[in-house]
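Colleague: I'm new to this one and would like a close look at a single part: the place where the two chains meet. Could you walk me through that, and then through what sits around it?

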Protein chains: 2
Amino acid sequence: MNRTITLAQGNGGEENRELISRLFFKPLANEILERAEDAAVIEEGRLAFTTDSFTVSPLFFPGGDIGKLSVCGTCNDLAMMGARPKYLTLGVILEEGFETQALERIVESLSRELNRNGAIVVAGDTKVVPKGSVDGVFLNTSGIGEILVEGISASRVCPGDAILVSRDIGRHGAAIFAGREGIELSSAVESDCASLWPMVEALLKEGITPHAMRDATRGGVASALGEWAEASGVSPEIDEGALPVSAEVAGICEMLGFEATALANEGTFLLALPPGEASRALEILRRFEGNESAAIIGEVTDRYPGRVVLRSSWGTSRFLEMPTGELLPRIC
Amino acid sequence: MNRTITLAQGNGGEENRELISRLFFKPLANEILERAEDAAVIEEGRLAFTTDSFTVSPLFFPGGDIGKLSVCGTCNDLAMMGARPKYLTLGVILEEGFETQALERIVESLSRELNRNGAIVVAGDTKVVPKGSVDGVFLNTSGIGEILVEGISASRVCPGDAILVSRDIGRHGAAIFAGREGIELSSAVESDCASLWPMVEALLKEGITPHAMRDATRGGVASALGEWAEASGVSPEIDEGALPVSAEVAGICEMLGFEATALANEGTFLLALPPGEASRALEILRRFEGNESAAIIGEVTDRYPGRVVLRSSWGTSRFLEMPTGELLPRIC
């Protein structure tokens, strides 16, 4: 490993995974941590527990802000485990001189998003550090959720499963990038930043039985699918033409040489489920605003265990690799 | 409130409490948050849940480092609620260019301290931000504890209660200050940074029934007693001469005009308990290394409800106020 920490080690892709497994998983090893996915399962499978820090820049972006993001990030991790978000803690690190009014807006936004999840903040911590010690404000939220359906896991993806995506991909990454670089677009791209619990709740209530769910955050759809491939020893095969990508996101990708599959999302998730449930799940997802583009994007095979296959419209196919390199720092 | 955030608003004293109550408690209001003390009580009184962010500078200080501190801080908050620390999450924000080896040392230290508590890290999050966006490394730990004795609370302090302190006060604040300013002392002062659960467990096992416990962190003993006075509407009366202060800490206070009662501690706690249990509790506390100076420092009356009284050795007395002003930024 490098002598010093690099930006690539925070990318949600290959280098990030290496840093975590070598520096944190080894010295802190225990059974629950080893099995933890989006959240850890504790208390005999009754509760899920997770944490996320937020350093996004800019603090306010099209479609959200750091307050909304800090609730979506943690509550979505719980939702992906089939857990109803219940209790959150809030850690705030403020830079001396930060505008009080901006902080008020952030807390209001955070509060609104909590309501969408039916969750509450039960404890907090506020630190103020001298000017220059932190850039504006960083947040941490940790969350406890009540597991309603047990056993939803990256390791339960089976050959034959259908793979769905809840909406068009890459919006959060594209919005942050455009916002940061001041790229003017005829129709500005908005982040997908949203709480997923309402959709997950609807799916579960209507009897859908997902084998795995994953919100495609840092590292995008490519990372999420790569983790399933590895954890289940299967081969997710995706039809490139079926992947919903908005014209705005496609434009930014073309302009800057990004892959939409590596761009971060903050309100978009993947489902692996029995093929017989796919069309009903799709119908449920599409009821939600923003999810009109939900799609069946492929299926799981055992052809290349541990690898993700991307099939082009011309009948060719290639492996979709885990993203590497710097990607976008401070995306969340 | 000020237009921008000030360092004083992170002091653990008066301004900090105002910021929290106006900016966070109002928009996020709920019954559990309102009743939360060192930790929130959730799941019908079975679990305690808390969070803490750590921004201490320097990262390595006499008696500890940010890794050890991040476990002590959160586990001690749980212990003060009569809860056995069980599960922690770990959020890490790293500055690009931070030394990998320093991070390894921090994680090892954190791991050792976890063992002292019998707790484990079950989930984590790692972010890397560009150089200049954060100073080195900031940590967040959130923790869940199993409440073994219910009802230990700042609001249960009664007239007649004895007040104990577990060891000499002000060490952490003095050590950080001396370390930061490069003050050379013939015998360097070490932080009291330590896990309190082993002591609390011993007290509870031997039948001690504390009404309230409080680790005297930011804002020191003065803040902790002030909170009891306010929450219980009583008057803690403290004998100045009984307050254990080491010669090193007293020296630093004299040199710099600090009050030892306003200096932060990270392994020192106050107990309010029935007077008949005081000498036995003292005997139990003194069994632990570092706690040889544990002392009965006063008792609770109803003379000045909501105020803390400091009695001098000459028979005079004054109110001990909640600390105000900048105190020491980045103390924890």
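Modeller: Happy to. Let's start with the contact itself, keeping in mind that this is a predicted model. On chain A, 64 residues are in contact with 64 residues of chain B. Quite a list of elements takes part: α1 (14-25), α2 (31-35), β1 (40-42), β2 (47-54), β5 (83-95), α4 (100-117), β6 (120-129) and β7 (137-147) of chain A each give at least two residues to the side that touches chain B. The largest share of that side comes from β6(A), with ten residues. Sorted by class, the residues of this side of chain A are 33 nonpolar, 21 polar and ten charged.

How do the two chains sit relative to each other? Turn chain A by 180 degrees, with a shift of 0.0 Å along the axis, and it can be laid on chain B with an RMSD of 0.0 Å. That is how a two-fold axis relates two copies. If you want to find the axis on your screen, go to Val134(A): of the residues of chain A, its C-alpha comes closest to the rotation axis, at 2.1 Å.

Now pick out one helix, α4, and look at the chain B copy. Several of its residues are buried: Leu103(B), Ile106(B), Val107(B), Ser109(B), Leu110(B), Glu113(B), Leu114(B) and Asn117(B). Looking down the axis of α4(B), you'd see these buried residues fall within an arc of 160 degrees, so they line one face of the helix. The spacing makes sense, because an α-helix has 3.6 residues a turn and residues three or four places apart therefore point the same way. On the other side of α4(B) you'll find Gln101(B) and Asn115(B), which are exposed. Just after the helix comes Gly118(B), with a positive phi of about 70 degrees.

Back on chain A, there is another contact to look at, this time inside the chain. The domain assignment gives domain 1 (36-147) and domain 2 (154-320) of chain A, and the C-alpha centres of these two domains lie 23 Å apart. Each side puts in 24 residues: 24 from domain 1 of chain A and 24 from domain 2 of chain A. On the domain 1 side, α3, β5 and α4 of chain A are the elements that give two or more residues. Here α3(A) has the largest share, eight residues. By class, that side of domain 1 has eleven nonpolar, seven polar and six charged residues.

To finish, zoom in on one residue of α3. Leu69(A) lies in this helix, which runs over residues 66-79 of chain A. It has 29 C-beta neighbours inside 10 Å, so Leu69(A) counts as buried. Leaving aside neighbours within four places in sequence, Leu69(A) is in contact with Phe54(A), Val56(A), Gly64(A), Cys193(A), Glu266(A) and Cys332(A).

Definitions and conventions
Residues are numbered from 1 along each chain as its sequence is written. Chains are lettered from A and ligands numbered from 1 in the order in which they are written. This is a predicted model: local features need pLDDT of at least 70, side-chain atom pairs count only at pLDDT 80 or more; totals for chains, interfaces and linings use all residues. Two residues are in contact if their C-beta atoms, placed from the backbone, lie within 7 Å. Helices (H or I, at least four residues) and strands (E, at least two) are DSSP runs, numbered from the N terminus. Ala, Val, Leu, Ile, Met, Phe, Trp, Tyr, Cys and Pro count as nonpolar, Asp, Glu, Lys and Arg as charged, and the others, Gly among them, as polar. Copies are superposed by least squares on the C-alpha atoms of residues with pLDDT of at least 70 in both. A residue is buried if 20 or more other C-beta atoms lie within 10 Å of its own, exposed if 12 or fewer, and partly exposed in between; C-beta atoms are placed from the backbone. The arc is that of the directions from the helix axis to the C-beta atoms. Domain bounds come from an automatic or database domain assignment.
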